[in-house]
Amino acid sequence: MKDTSISGNGPADELLQMVVFQLGGEEFGVEIMKVQEIIRMPEITQIPQSPDFVEGVINLRGRIIVVINLDKRFNLKSKEIDEHSRIIVVEIGDNVVGMIVDSVNEVLRFPMSNVDPAPELVMSGVSREYITGVGKLDDRLLILLDLAKVLNKSEVEDITSLA
């Protein structure tokens, strides 16, 4: 994983630091401050009668963490889990959740001025409600996820009870 910086329009331009990952052929980013760690795919214990996007739970150094599959959450075409698949362990509200992604590419710093609001029609198929904006990076577009909206309040409560 590489760490890349793209300079902005001067010292007043706040830099965002994002963990960039692949999901369904698109590049997404989440704020690095929300990411606790990135791990390889461990054994996941399935939970009966859980929502379809919940893959199960893992034991991460004595902590039980619920793992969700973002492909299923966003209704994207799921990719087979392989050696590039990772779990990004993030904070969503007061909860710690693992998110399965296709691969983690890099940590990227870029200025806020390079972020546009999410367009009305987002091409990736991910609903606009989950997106804080789109980062423009040279010839790349990076979809910035709003982790607070990936799960709604009742889903967070359900997941908390699973763990």
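Buried means under 20% relative accessible area, exposed means over 50%, and partly exposed lies in between, with a 1.4 Å probe and protein chains only. The model on screen is predicted, so local features need pLDDT of at least 70 and side-chain atom pairs count only at pLDDT 80 or more, while totals for chains, interfaces and linings use all residues. Residues are numbered from 1 along each chain as its sequence is written, and side-chain values use heavy atoms, with hydrogens and water left out.

**Stop 1: Glu27 and Arg140**

Select Glu27. With a relative accessibility of 14%, Glu27 counts as buried. Glu27 belongs to strand S3 (residues 26-31) and Arg140 to strand S12 (residues 140-145), so the pair ties together parts that are 113 residues apart in sequence. A salt bridge here is a side-chain nitrogen of Lys or Arg within 4 Å of a carboxyl oxygen of Asp or Glu. Strands (E, at least two residues) are DSSP runs, numbered from the N terminus.

**Stop 2: Glu106**

Glu106 is buried, at a relative accessible area of 3%. Glu27, Glu106 and Arg140 are linked in a network of salt bridges.

**Stop 3: Asp82 and Lys79**

Next, select Asp82 and Lys79. Their salt bridge has its closest N and O atoms 2.8 Å apart. Asp82 is partly exposed at 27%, and Lys79 is partly exposed at 36%. In total, the structure holds seven salt bridges.

**Stop 4: the nonpolar cores**

A nonpolar core is a set of buried Ala, Val, Leu, Ile, Met, Phe, Trp, Tyr and Cys residues joined through side-chain atoms within 4.5 Å. Which residues touch the most other members of the largest nonpolar core? Select Phe21, Ile68, Leu70, Ile88 and Leu151, out of 33 residues in that core. Another core, of nine residues, lies apart from it and includes Ile44, Val67, Ile87 and Ile100.

Finish on Leu70. Leaving aside neighbours within four places in sequence, Leu70 is in contact (heavy atoms within 4.5 Å) with residues including Phe21, Leu23, Met99 and Val150.

Conventions
Helices (H or I, at least four residues) and strands (E, at least two) are DSSP runs, numbered from the N terminus.
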